[in-house]
Amino acid sequence: MNGIRVVEVAAWTYVPVAGAILSEWGADVLKIEHPETGDPQRGLVSSGLVPAGGVNHMFELPNRGKRSVALDLKTEEGRELLMKIVATADVFLTNFRPGARKKLGIDVEDVRKHNPNIIYVRGSSVGQRGEESERGGYDMTSFWGRSGAADNVSPDELGYRVTMPGPAFGDSLGGLTIAGAISSALFHRERTGEALTVDSSLLALGAWAMGATIAGSHAFDLERYPKTNPKTAANPLVNSYETSDGRFISFVMLESDRFFPELMNVLDCPEYIADPRFTSHKDRSANHLDLIEVISTAFAKRTLAEWRVALKDIQGAWSAIQTPLEVVSDPQVMANGYIADLEDAAGTPFKLVSAPVQFNEEPSELRRAPEHGEHTDQVLEEIGLTMDEIIQLKVSGAVL
């Protein structure tokens, strides 16, 4: 993405993550922020949602490597400066709602008046059309709840619907989707000369992620899609089991005829290989509750650390169910450079997960998120303003 300039008028995580990924891939991403308030996510520390004295990881995640330009788009001067910047850009990226875009004069036709070759990219909660196009939303609502994911992942006996696995779960996936779409649009423009308008939404992403479940529900007219319970799994070799120290191991051995003998030997249960209840996949399915009991009893005899050693060289797919903190020191994560070491603007060290692709077998080079308005003067000088002009704009409040 070297040589590609992205102008981002967006806040929070979902769409800014796309800009962060493009930045990681080499693009020059200019984050446009209000001179006084900036991106609301900067305020998570002062609001107490992110502990003070440390790294604002929720801001660093979607804003790595960008340059911050603080413009007041409600002023005529701020809008004029934005459009001068737009004239130098390849991509305009926003998550503002239709009414706000129109009011600020940053809708598709407004931007293309100043740069007809720019790729215009919109990320939204539930899409640009329909009665709810002006409604806002977050991944918890539009991606997780509305898509059916929360309902399908929650055991009925729990009595409530579980939340997402962690903050920005859907946002991060959505940003990656948008970054890929922008890459395709840039390729299309290079081949045809046509600048596309690109749209995605958290609802579209959620429906896509639940695609197999939605298709199956419709095909078989299922009001509730069948849910898997580890105690009653139809295929005991596609299941999770608890160890003696309260940890869990997950297995996906779909070819059970192939992997069953090896697993029984590792579990010190060779006598069950020839057990007539378990001699074929069909038999194991018919007697799945008995086999789950056998495997559960075996796993309960050792700790996770012991099972890591015992299972190390087997052919079937398995994994310890890790905590997020354990991922930081996962040997494969470290060997492949999936997590980078950075320092924020205050010099505080922290770690950040890289975008999940590599080019030429090299991890991306990550840079910290910018301070509020850190690059305003630099970018305005790049588009031809003198320092005297910039100072006058600062005095008027149009820029920071």
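How many residues does the largest nonpolar core have, and which of them have the most contacts inside it? Hi everyone, let's work that out together on this model, which is a predicted one.

The largest nonpolar core has 31 residues. Those with the most contacts inside it are Val6, Leu22, Leu93, Val121, Ile178 and Ile182. Several helices and strands each supply at least two residues of this core, including strand E4 (91–94), strand E5 (119–124) and helix H8 (169–192). The largest share, 6 residues, comes from helix H1, which spans 14–24. As a bit of background, nonpolar side chains in soluble globular proteins tend to be buried together.

Now take Val6. If we leave aside its neighbours within four places in sequence, Val6 is in contact with Leu22, Ala27, Asp28, Val29, Leu30, Val91 and Leu93. There is also a second, separate core, with 28 residues, and Val7 is one of them.

Next, please find Arg5 in strand E1, which covers residues 5–9. Is Arg5 buried or exposed? Arg5 has a relative accessible area of 13%, so it counts as buried, because the cut-off is under 20%. Again leaving aside neighbours within four places in sequence, the contacts of Arg5 include Asp28, Leu30, Arg67 and Glu382.

Leu30 stands opposite Arg67 in E3, and strands E2 (residues 28–33) and E3 pair in the parallel sense over 4 bridges. Both faces of E3 are covered: Arg67 and Val69 are buried on one side, Ser68 and Ala70 on the other.

Conventions
Residues are numbered from 1 along each chain as its sequence is written. This is a predicted model: local features need pLDDT of at least 70, side-chain atom pairs count only at pLDDT 80 or more; totals for chains, interfaces and linings use all residues. Side-chain values use heavy atoms; hydrogens and water are left out. A nonpolar core is a set of buried Ala, Val, Leu, Ile, Met, Phe, Trp, Tyr and Cys residues joined through side-chain atoms within 4.5 Å. Buried means under 20% relative accessible area, exposed over 50%, partly exposed in between (1.4 Å probe, protein chains only). Contact means heavy atoms within 4.5 Å. Two strands pair if DSSP finds at least two bridges between them.
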